[in-house]
Structures are given as structure tokens and as C-alpha cells.
Number of protein chains: 2
Amino acid sequence: MKDFILTLDDIGNKSVQNIETLFAQANGTLGVRASLPIRTGESTPGTFLNAFYESHDIVYGENAYGYAKQHQTMVNLFDLRSIELMIDGKSEFLLSDQSVVLDMEKGLLFESYIYETGDGKKFEYLLESFASHSERSVYAQKIQIKALNFSGVVKLVKKGRPVSVKKGEAFDPRIKNSSTELIQEGNKYTTQNSRLSIYVKFDSLSEERRLNEGESISFTQLYHISRENHFSSLSYDELKNKQVEIFANFWKSSDIEIEGNTRLQKGIRFNMYHLFNSAGRDGASNFSAKGLTGEGYEGHYFWDTEMYLLPFFIYTQPEIAKSLLSYRVSILPKAQARAKELGFQGALFAWRTINGEETSAYYPAGTAQVHINADIAYGFELFEKVTGDTDFIEENSTLIFETARFWLDYGFYSKRGFEIHEVTGPDEYTALVNNNYYTNKMAQNNLFYAARLANRLKSNEDEAKYWFNAAENMYFGFDQELQIIQQDDSFLTKEPWDFVNTPKEKYPLLLHYHPMKIYKHQVLKQADTILAHMLFDESQEQVNRDFAFYEPLTTHDSSLSRTVYGVVASKLGRSELAYRFFKEAAIMDLEDSQGNASHGIHAANMGGSWLGLIYGFAGLSYENGEIKTNNNLPKEIKSMKFTITIQGEKKHIIIE
Amino acid sequence: MKDFILTLDDIGNKSVQNIETLFAQANGTLGVRASLPIRTGESTPGTFLNAFYESHDIVYGENAYGYAKQHQTMVNLFDLRSIELMIDGKSEFLLSDQSVVLDMEKGLLFESYIYETGDGKKFEYLLESFASHSERSVYAQKIQIKALNFSGVVKLVKKGRPVSVKKGEAFDPRIKNSSTELIQEGNKYTTQNSRLSIYVKFDSLSEERRLNEGESISFTQLYHISRENHFSSLSYDELKNKQVEIFANFWKSSDIEIEGNTRLQKGIRFNMYHLFNSAGRDGASNFSAKGLTGEGYEGHYFWDTEMYLLPFFIYTQPEIAKSLLSYRVSILPKAQARAKELGFQGALFAWRTINGEETSAYYPAGTAQVHINADIAYGFELFEKVTGDTDFIEENSTLIFETARFWLDYGFYSKRGFEIHEVTGPDEYTALVNNNYYTNKMAQNNLFYAARLANRLKSNEDEAKYWFNAAENMYFGFDQELQIIQQDDSFLTKEPWDFVNTPKEKYPLLLHYHPMKIYKHQVLKQADTILAHMLFDESQEQVNRDFAFYEPLTTHDSSLSRTVYGVVASKLGRSELAYRFFKEAAIMDLEDSQGNASHGIHAANMGGSWLGLIYGFAGLSYENGEIKTNNNLPKEIKSMKFTITIQGEKKHIIIE
């Protein structure tokens, strides 16, 4: 099926680094960028192991109590794709043709490169490869080198090259190294500060052979990278067969077919393909903001997981959703310690982290986004509702209770109700505000959920009364004159941003204006109040007014913004507008419209494009055992077919 | 006069480092800590040249547009006080007696140290020293070493020892060194990054001599440290005579005599002595937060100068006041560049700086304290009013206009009036607030002053209308229910701080709580609204209500707090309370009640103690050519005599 095939013709920016990201291969554990077999200056090869990071002390210009202490950086481990070649003594080649074909249906990548020596000898480098989904420590390659127009001696070395390794040096704990160099001992590689180890087993090839014109050298290679020193013994073909089978099953339970725009059809499949590839599977890793496709955001996990990605997994791959939530359970002790350090009860999850410790070095747009607590609780709640897996929730009820305890302590009662001050909402162009609507709404939901759960489990019922009461009395600001919901206590008193005199090249604003200038204006980086409207019921009139007020103030400088506005536009019946937002989201990375896909995919936006189709165009909701849909299809899309899994049963839905 | 003599008996904390600070000698250009002649582990010798700094890049955990780029650090240059001694081959000595006598009347320090070798040989080290106020590049010492109970060979070396010097190494601009090592070439020393140079001429002594019991070695030494390579040729005695004369004149125009408490009398003189010693005199330097007595706050200049120190200088040493204001004129181009960088018109002075560039690495409690602009303008206005030196103001009117332009652009009109958002007021336990009362009040004053000046000079009259209008329409928040002035838009909506459950060891709060916890509570580090009440007329009832509300919420964790509450308490006729605040301020460093006098004097508090006496107890004000006083003397103080200079004329004032 053509719509499962992605080639270079499908992508807007064909730079080396962009190709590396878009065609990257991953299996939730291991990720490999699709770098060139013969490296050039622009080439940035990358091999990542989910949750494998190095730590370094954060240096502050001015430090203060309770600041995050250490950076965590996902380590770029090996270059598994490059080859050293010599043709009749020449080692300089010109790339004269390149074809890259991603078969998303099978999870296989096919590449062909035609190289030429200075004296006109041409050869083809053919590569079939995949990051194995059956054995997640394996990256597999099948290579063929063919002499196209010459006979001569081909000398080749193909091995996994460490990106940055200190050989044989003893570990000296006194030296805090800020690099991500690894210590090698035999087949074991260890980070210097975080003391994490991996073991490798690499097929290496070193050969010198005479080829006649038209002849080839062929070989397969398996690269094993594992946390443990034992390795799969499956062959290339066995792994490949399993790969095809796994992807067939994936699409069976997850595919969305849309009729009317083949580009968007391809875009949404591309997005789901990457979501499936980068999600952690082991309960000890999660979903990095850039997946396993690049080093952007240092491989950190954010609220993106719960609010943008999890719905896709909950509705189509509930086992993966469960792994992602299990990761949060695994870092609960760190969240409890963090709340304590900041002087609050319960647990406060880190805004950005790998190992569970806060690693945001700018707390106003980091730690202050305490809504992450409620986002995580929301993820558990949605998981329970859709999958019906109450056992999992009951086993992990402590997480829900601890997040609720945090809210009860962080907020306070005033004559206006239960207020929550000094937080940063999703919109990072305002910071440290009081009563951010999204935060209060989510905290309310968290408190209600915890109270209901406590009563159901007959545990912590005394506390549950307080949680319920705080939720019941949650304060929400409303502007009587404009009849709109206040984003926070001060937002409507701010000076309007001068959009007319802001030239295009000054976006994103955060790169061109000081936070003091941005924060004091009515300008949004991304959906905030409108995100709450995507999640919670609200009257159409209210949503309409809020949308009309906030959308024109939104720069969409965050890639998390458009899909939210799109879903809400669908809900409002503004299908033309919804389609525009959806289109931009669905092909954001294919077009490189954010301009930085080279750093890695925009995973949250990919999840958001799924929301645009399912929550938006199909109007899906599931409440009280009932699946509801709504035909919000824009005129450009004639029909939509998709599969979801509810309470363990697959449902096939068609919207026409 | 006994009250001009300070000895070790007068100070509360006799640690080596505390003595070094309190008995430090300085002349506005050069500062020398009173370190031990024979160094011990605790000894931290220090020689500082005002405005002589090294710069280093600021490293941020997470950087953003417009952040301050470089640290500036006052360099600790030389150890001018230590001596290398050998008595009959022994170089280890026990300090068995020490006497330190500061004659503040003459600006001379007398020290005596009795040292003893392991085998009982005692000698006395007698030192008379001063930082010359006639030749500001000179530190002068007269030394006598006396064999008390033995005859033997004394070997001594006495020279100025560089604290941190790289000898002979070429300057490599690629290396950004974070130390403050100097590059030495002959008698020239240069900082590595900021490329500032000094030249030195040191009298050195190296001698070996046999002393009989009771005999002495005596010598004098002059240390010259200068920005230029030529040096004064005055002798020790000539310099000493001038020193005594200069101090006599200083006290003649500045002394305050209080009857009733000799400790406070000494305290206030001690404070004025240090103020006189650490104020920059050359128009290119200012007054560091810790004076020239220690490395605290890296030698930076803050708003402390204008709001806490300048009144003392304006009323008693107007030439020094003029130098300090000239420094602000000298950095105006940097302030203009900073405003532009942040996207605003006019000039924005750096919150903390030496060379004029912003060096605050935490903008919410740094750059966001934009009130510094109005503080500086206020200093110019007070200077003009009291000295009558309109020429100086008219020459430098650009500074007043540029600060006004900043306010007009930073603020905006709403239906409530002219508002100023996203600022931090003096109280650093709230940050990034809207309509901070102190800031708006000061900005209003700045705008009015600029408008009046423009009209008087018949220049920028068109703009002056806008300045006047913004000032006229300045918004001030008022709480109808409590009938108090709001510190800012959100302060009264915050949760009260739980003072009852905050143990003493948790103060200062900033060392024990995260900013998010502090900022979201009603708790003050220092006077804020009440500081505005110290400066501007307001009804007694209003001040009373505001005082009653804000004072109990104030931790006084800042040393700038108590004096302000003290002055306002005086104004309210609450002389007992005023006396308590004054007492704490007057002897803060003598008692080491902040616990960190070892890092340097609390200069702003010293200036504040003068305000407590003159603005507070004497109720001094000068408006429309009229000196007004008010007898607010507390019962503990029977009378107060002081001298001020108004419009060039000395006025002797007695309050009884």
C-alpha cells in the first residue's frame, strides 16, 4: 500500500540531519538515526538507549534553595551505520544518488546510495535495516556493495563505532566530567557520573576482496546493546519475520484510514509509526520529547506523555500505555522526596527528567509547572476508564493519593474558595501566576479522582473528605465584562502584545525577547485555557467566547498548541479551522514547519495529530461504558475508518 | 574622645575574619582588611581597588534571551599586612596577646601583637597604619618589632604579596579563566578577561639583625596601588598629618553627638566612619554593598547607594554625593544599551554591576527590580534640592529623561490608569508582580521630576506631557476592606505565611525554602510599601494601618529593612519601637547580629542608621528652602547634635 511508504519525495527538508531524524528507526528501547553510511561533516549519527543518561551538576549563575541539582543527558552511544571503504586505494567518494524508502507497514527501511570515486568508479551501497521490535536490544542491517562500472579491489571495515569513549581509563569519582564519554571495559560501557552500564555484542566485518563489474559483497550485521550481558541468538531473517508480524499487528489495532487527502493519510501514519517506535516498554523508561530520534531536550520526559501521547496508546496499544504509567509509579519515591524538599506534603513529579529527579534548571518554566502532577493522575484515570484495568489502578493508588495530598497542601482556602498560587500553566509565555485555570481544573480533577478512589478502596477515607472539599471549592476566575474564563488572576490585566509590529522573524518570541517583556503581555505560547476545554465539558457558548479571545493571542510557538486548538475547533463545529490546524500538525515534521526536526521528531505534536482526528473529527468520547462519536469531518475528508480497543475489545469505527 | 575609639572590647564577634572587616581601612579607592601580620588558616587578607574587577561568563543551567552575560568580581589584589619572621631560626609563633585600637577621629589604626616562640621568646609587633585619604593610592604602615624577653637574631621580610598572580604568562584570549589571577609584567598587573591594569610601587624590607632584649627594629612602608604608572612622593609623616586633618574636617561636617547611650554613640560614629571610607571618589566608581571591606556581593553596586547611603552624603559630604551620582552618569550608555536589548525605550540601569552592565544572574530578583531607575533619579532630585547644584542636574538631564522614557514604555495605560507590570519591588520575597506600590510611586516621582526638569530647561517639552500624564494617572492598588495600600496586585490574595510553625533556625527564609514556596505567601524580606511611606507624604492614619499590616509579615531577613521601619515608626510617634529598630541597625555589624560581617560591612544598614537618627529621631526634612525638624527622640536619648550642609551652608542642629 502506497500510503505506508515514505520516500525522500515525501519530505520538505532534505538536509542530511533532517533525513536522519525522519527515517530514524526505534523500538522503544533502542533508537538509531538514519545517518549516511559514509559520514560527511553534516552527518550526526546517533544511537540511543531509552533512559540511558549521563548526569552532570547544574551550574547556576545564582543558586538558591531547592534548585534542581543535576542535568541528565541521554547519551549518544554509537555510530552503527557508517562504513569505512576503499576502492582501489581510494577512500574519497561522491554521493551521486540516494534513495530512502521507509516501509512503515513492515517496520523496515530500504536505502540505496550510489557513490563514485574521483576517477569515475561507481558502486552501490544497498541497505535493509530495522530496530527489532521482537528483540529490543538489536539493530539489524543487511548490506550489499555492488561494483557498478568497474572491476577492482574493495576493502571494507564495518563495525559499531563508539561516539565518545574513554578507553581503559579508570573511573575517578573526583572528576565531574561534563562530557558523555563512556568508560570501556571489555564489552561493557559505563557512564562516568550516573554509573549506568550497557553491554554490547557487535557483528564486525573487515574484508578485502576483488570484485568484477556487476559483482557484489553481501553480509548481514546484528548490533546488540543491552543492559545485561546476555544477548538474543535469533538470526537476521528470524528477527525480520517477527518484525513484519509485529507491525502487521500494530496496524491492525491502530491504523486510521482517511479518504480525501493522501498526504495527510501518509502524515498520520508516519506519526503513529514514530509513536509506536519511541515509547518505552519496560516500565523504567518513558517517551522522550523527541522520541529516540534525536538529542533535543536531552531525551527528557515531560507532561507530553500523559497529555499528548497517552490517549493514542490507551485507545490502541493499552499495554504500552501501562508501561508508560508504570514508569511514573517507578519514580514516585523521587516525586515524594521532591515535594518534601520543597516543603510540601505528598508527591511532586519532576517537570523534566529521566531518572525521576527534577532536572529543569529554570524553575519558573519548569518546577512551577506543577500541573504535571494532575496530568499524570489524569493519565491513570483515562487508562482505567478506557481499559477497565482497575487492578492496575488499585495497586498504584498511592500515586493518586500522593498527588492529591500535594494539591491540598500547595493550595489554600481563601474567601474566594480553594486557590492555587505561584504556578506556571501550560502557556509558558506567562509564569508564576495565581489560579491558572488549566492547573486549577486539572488539580480539581486529580482531587476528585483521588477522593472517589479512596472511597471505592475504603482507604484514606478521612483524607478523601478534604480532597473532595478542596475540589468542590476550587476557585476559577471569570471576567464578568468579557464573559470569559480568566487564564489566571492577572492575565486580563496585562498589556496586549503588539502583534502588528512584531515581524515574522521575531518568532518564536522566546528567542528574541526577555522573559520580563513576554510575561507582562497578553500573549500565549500555546493553548492553556483552551486545553482545559479540550478535556472537560463546558458550554459551547463559553468555549466559543474563550476560543475567540485566546486564539488570536496565541503564537503557537510551541508545537503542542495547534492540535489542541484543532480539536476544540472541531468540537465547536468550525471544521474548516479545525482542518487547518490538523493539517499543520499532521505534517509538521514531514514539512519541517517548526524548522528543527533535525533535533528529533515533535512527538507530542504527533500524538496531538491523532487527537485531532479521533477526539476532533470523529468526536470520540467514552463515558459510562458508552462510546460516542460525532461527525466533525471537514469537507476535505470524505471518510475515516479506525480501530480502538475499549475494555479489551477492538472496535472498528467508520465516520463518513 | 573615648567615643571615637573602637577596640576589641567593643565588638561582639572577635573571630579573625570579623576583626578583619570591622577594622578594615579604606579611602574610597583602596581598601585593606585588618588581617593578622602572621597569617593563620582563618585569616583572609584583602586589598581591593574600587571598581577593579575581573569578568567571567555567567553559566546558566538554562539560558534565555537577554540574560546578563558576565559576572564581575572585585579582585582581591594583595596581602599588604603579613610579615615573614624568623627568631633564632624559628618561624612558628603563638599569638599570646592582641590589642587593636581604631582612632576614628584621626583615621588611624593602632595594633599590638605579642607573639611567642615554642621556646618562650616573646616579641611585640607594633603597627600604626592608615589608608591615605590625601593620596588615595597609598596604604601606609609604621612597624616596630621589639624583643621583649630575649636577645637573638631576627630575620624579617615584609613586602606586598599578591593574592593570586600568574607570573610571566602570556595572555591567551581563548582561555576564559574563572579565577581572578592577574598577569604580571614588571610593576603592572592586568586582569585576564576584563583587561584592567594597575601599577604598584611597594616599599619592601628584608633584614637580618641581632636584637638585644628591649631593643626594636622600626620602619615605615608605603604601598602604592594606582591605575597609572606614577606615584605620590609624600612621606609617611606628611601623609599621616594630612590624614588627621582630613578626618578632623570630616567629623566637623558630619558628626552626630547623641547623649544617653555611649554604645549607640560609638555605633553611629563607626557607621559614618565606614561610609566615609568606602565611597568612591572618582566618578568612575561607586559604593559596594560591602564597601571596600570584604568580597561579599563581589564588590557590586546596587540601589543601596541611592536609597540608603546618598542622603548621608548629600547632607554632609555633597562632593562625595556628586561623585557617586557622576558614576551613574558614566554608565548611562550601558543603561541605554540594556533597555534597547530588552526591547524598551530610554535607559534601564543594571540591578547589580561594577562596569554598568547587568550582572545579576537571577533576573526575577535582579533585572526585574526596575525600581533602580527611579531610585537613581530620586538621588539626583534629592541632591539638587539639598545642595542647590542645578548646574550638575542640568548637565546631566539626559539621565533623568532617559529613565522617564523607560517608565513610559515599560508601563501601559489600562482603564485603571497607568500600570507597571512584571517587576520586583524592594521586597525580594515576592517577585515578578504587577503594580508594586513602591515601584509605581517611585516611577511616578521619576516621571514628574523629568517633566518638571524638561519644562524648566525648555527641552523635550512634548515628551514631558506624556511623562506628566503617566505620572498623574499612575495606578495604586488599595484594599477597601482592610483600608490598606496593596503592596502589589496579588499580595493580599496570597496565603499567609505560617510564622508560628517556622522555627528560628529556618531564617533567613531564602536559605531554607524554595522561591516558589516563599513567593506564594504573605511574607516580606524587607520594607516595601513602608519604604515608600518613608519617602513620600501620606496620611498618618494610612501609614499606621499599613505599618500594622505589613510589619508583622516582615522577617527583616534583609539588613535594609529595620532602619526603614524605624524611621517610619518615628514619624508615627512610636518612639519606643523606633528606638528598638534603630538600636539593632546602629550596632548591627559591631554585634554581628546578621552573622556575616566577616564578608564585609552592611553598608546600606550603616547609611540606614543615619536615616534613623536624622530622618527619624530628628524628623529632618527640607522642602521649599525650609529646614524642618521634629523631636521624635526616644526617652533613652536625651539630646542629639548634628551638622548638615544645605545649599552649601553648614547648619548645626540640636534636638533636645
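A:F302 is buried, with a relative accessible area of 7%, while A:Y297 is partly exposed at 46%; buried means under 20% relative accessible area, exposed over 50% and partly exposed in between, with a 1.4 Å probe and protein chains only. The model is predicted: local features need pLDDT of at least 70, side-chain atom pairs count only at pLDDT 80 or more, and totals for chains, interfaces and linings use all residues. Side-chain values use heavy atoms, with hydrogens and water left out, residues are numbered from 1 along each chain as its sequence is written, and chains are lettered from A and ligands numbered from 1 in the order in which they are written.

Rings of Phe, Tyr and Trp (its six-membered ring) pair if their centres lie within 6.5 Å; planes under 30 degrees apart count as stacked, over 60 as edge-to-face and the rest as tilted. By this rule there are 94 aromatic pairs over all chains. One of them joins A:Y297 and A:F302: the centres are 5.4 Å apart and the planes at 75 degrees, so the pair is edge-to-face.

In chain B, the rings of B:F312 and B:W610 have centres 5.9 Å apart and planes at 75 degrees, and the pair is therefore edge-to-face. B:F312 belongs to helix α4 (residues 304–316) and B:W610 to helix α18 (residues 603–617), so the pair links parts of the chain 298 residues apart; helices are DSSP runs of H or I with at least four residues, numbered from the N terminus. Both B:F312 and B:W610 are buried.

A:F4, A:F247, A:F250, A:W251, A:Y273 and A:F276 form one aromatic cluster.

Note on methods. Helices (H or I, at least four residues) and strands (E, at least two) are DSSP runs, numbered from the N terminus.
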